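Please read the following report alongside the sequence and the three-dimensional structure. It treats backbone exceptions, a sheet, a helix and the surroundings of an RNA strand in turn.

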Amino acid sequence: MTLSERLLRGVVNCESREHLSERLDRGQQLRIKFGVDPSAPDLHLGHLVPIRFLRRWQMAGHLPVLVIGDFTARIGDPTGRSATRPQLSVEEVELNAQTYLDQLFAVLDQDRVEVRRQSEWFGDFDLVAFLKLANTFTVAQLLQRNDFDQRMRAEQPIGLHELFYPLLQGYDSVAVRADVELGGTDQLFNLLRGRDVQGAYGEAAQDIVTVALLEGLDGERKMSKSLGNAVAVADSATVQFGQLMSLPDRLITRYLALLTDTTGAELEEVERGLEDGSLHPRDAKADLAEEVVSSLHDRLQGQAAREEFFRVHRDRALPSRIDEVVVAARPSWDLRELLVAAGMARSKSEAGRLIQGGAVELDGVRLADWRQPVAVGPGAILKVGNRRVVRLRPG
RNA sequence: GGGCGGGUACCGAAGUGGUUAAACGGGGCUGACUGUAGAUCAGCUGGCUUUACGCCUACAGGGGUUCGAAUCCCUUCCCGCCCA
């Protein structure tokens, strides 16, 4: 396997592949730009795909250039959106960016990156400069983009400022003198515009690479916090493990390929095992989950999370650690009020529904009638649904 | 500037004077089944109350008509399309 083949493994789009491969094989050190969107500060597994890619390059001696989109975040990237994104304030952006970087440096070597902010060059961008940038494209060129086209068709609004997003991102490449730009496949349009902008400013066009977008836990849409199908990098090992176990079976190998260092041969083996039934999907998924969780925390926590999961779900035992909730000491409780007091329901109506639905257990006894008052002993175990359990402490 | 069409619950979308807390679909929650999930089936999906088809809040905002309005009228705001 040549150097370029190794570094371009898993890449979906590459332009120009020939040019890039040649530079990589020649051993040239490249500045690989990666845009950091500080509108969503919580990293999830989907972010990890390009970040792991960057790490591979970093270890091969290339320089990741992280561009914090502190201007574009205030516009809102229209990519993949059917609606305009909310615009953020300067303070929000700065705070988010820092949170993002902190999490990112768990994977990347902090000392071998260049961190830049768009405000460095856009901070005093004047109208003349802006119009010059705007002059690099026609409206038709920008409107051919899929997201816009769909929105036009659906008679949805498109903010004028959204049109400028690809231009600003493209100018970033000029500003940081990017050799290569990395992004998810949804960034293809923006990345390509970067090449055009560089050309318009008399610079060599960057090569671009895109990597796959990770599907979320629902197996349908791309992983995103707002869709509620994401596994957050900052979550605890047990939570992450449980979430990964809820992944649809058919995504096991995809996750392995995108989130772990599993080799191609190993992947084929798993695939074969799943197909002929010699490998239980549950176990394959547990292996995947342990691997991913271990990489985010450490090996020990990965194993512990696995054991805990099997304990609670397969063996139906109580979790080894149960959060304690202090509730008022009373001789007897209205069960609905108890649920609200314990933070298991937002309102008494909601509590009543849960009880009627048979979701509530107190000390292992299912309570389906909220009219029946209950007594709460010290250390009573309140269970609502399959995964929410607390220990009650009257006091 | 002119014409037209819109703004309904988390989302999409019905409803065009009364039995509408608002059909239907999606999503979410819960139960059964399981391999944990998915698929499947079932229930729930505004709040409050001594749970009662009782009360309160709700169909962009405000005002009005009416015994009664998401539904009619006036007005403000917002969005889309077409023409200029």
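Asp363 is partly exposed, with 14 other C-beta atoms within 10 Å; a residue counts as buried if 20 or more other C-beta atoms lie within 10 Å of its own, as exposed if 12 or fewer do, and as partly exposed in between, with C-beta atoms placed from the backbone. Asp363 is not a glycine, yet has a positive phi of about 50°. It lies in the loop between β8 (360-362) and β9. Helices (H or I, at least four residues) and strands (E, at least two) are DSSP runs, numbered from the N terminus.

This is a predicted model, in which local features need pLDDT of at least 70 and side-chain atom pairs count only at pLDDT 80 or more, whereas totals for chains, interfaces and linings use all residues. Residues are numbered from 1 along each chain as its sequence is written, while chains are lettered from A and ligands numbered from 1 in the order in which they are written.

Most residues other than glycine have a negative phi, and most peptide bonds are trans. Arg177, although not a glycine, has a positive phi of about 50°. This residue is found in the loop between α11 (165-175) and β5 (180-184), and is partly exposed, with 13 other C-beta atoms within 10 Å. The peptide bond that joins Glu15 and Ser16 is cis, with omega at about -5°. Ser16 belongs to the loop between β1 (11-15) and α2 (17-25).

An open sheet is formed by five strands in the order β7-β11-β10-β8-β9, with mixed pairing. Its edge strands are β7 and β9 (365-366), each of which pairs on one side only. Two strands pair if DSSP finds at least two bridges between them. The pairings of β11 are set out below.

| Strand paired with β11 (residues 388-394) | Sense | Bridges |
|---|---|---|
| β7 (residues 323-327) | parallel | five bridges |
| β10 (residues 380-384) | antiparallel | five bridges |

Within β11, Arg391 is the bridge partner of Glu324, and Ile381 also stands opposite Arg391. Asp323 stands opposite Val390 in β11. β10 and β11 form a hairpin with three residues between them, and Gly385 in the turn has a positive phi of about 70°.

How far apart are the end C-alpha atoms of helix α5 (residues 90-104)? They are 21 Å apart, which agrees with the 21 Å that its 15 residues should span at 1.5 Å a residue; the expected span is 1.5 Å times one less than the number of residues. Buried residues in α5 are Val93, Asn96, Ala97, Tyr100, Gln103 and Leu104. These cover an arc of only 130° around the axis, which puts them on the same side of α5; the arc is that of the directions from the helix axis to the C-beta atoms.

Around RNA strand B there are 26 residues, of which Glu155, Pro157, His313, Ser349 and Gly385 come nearest. The elements that give two or more residues to the surface near RNA strand B are α16 (281-296), α17 (299-314) and α19 (348-356). A residue is near a molecule or strand if its C-beta atom, placed from the backbone, lies within 6 Å of it. α19 gives the most to this surface, with six residues. By class, the surface near RNA strand B holds seven nonpolar, nine polar and ten charged residues. Ala, Val, Leu, Ile, Met, Phe, Trp, Tyr, Cys and Pro count as nonpolar, Asp, Glu, Lys and Arg as charged, and the others, Gly among them, as polar.
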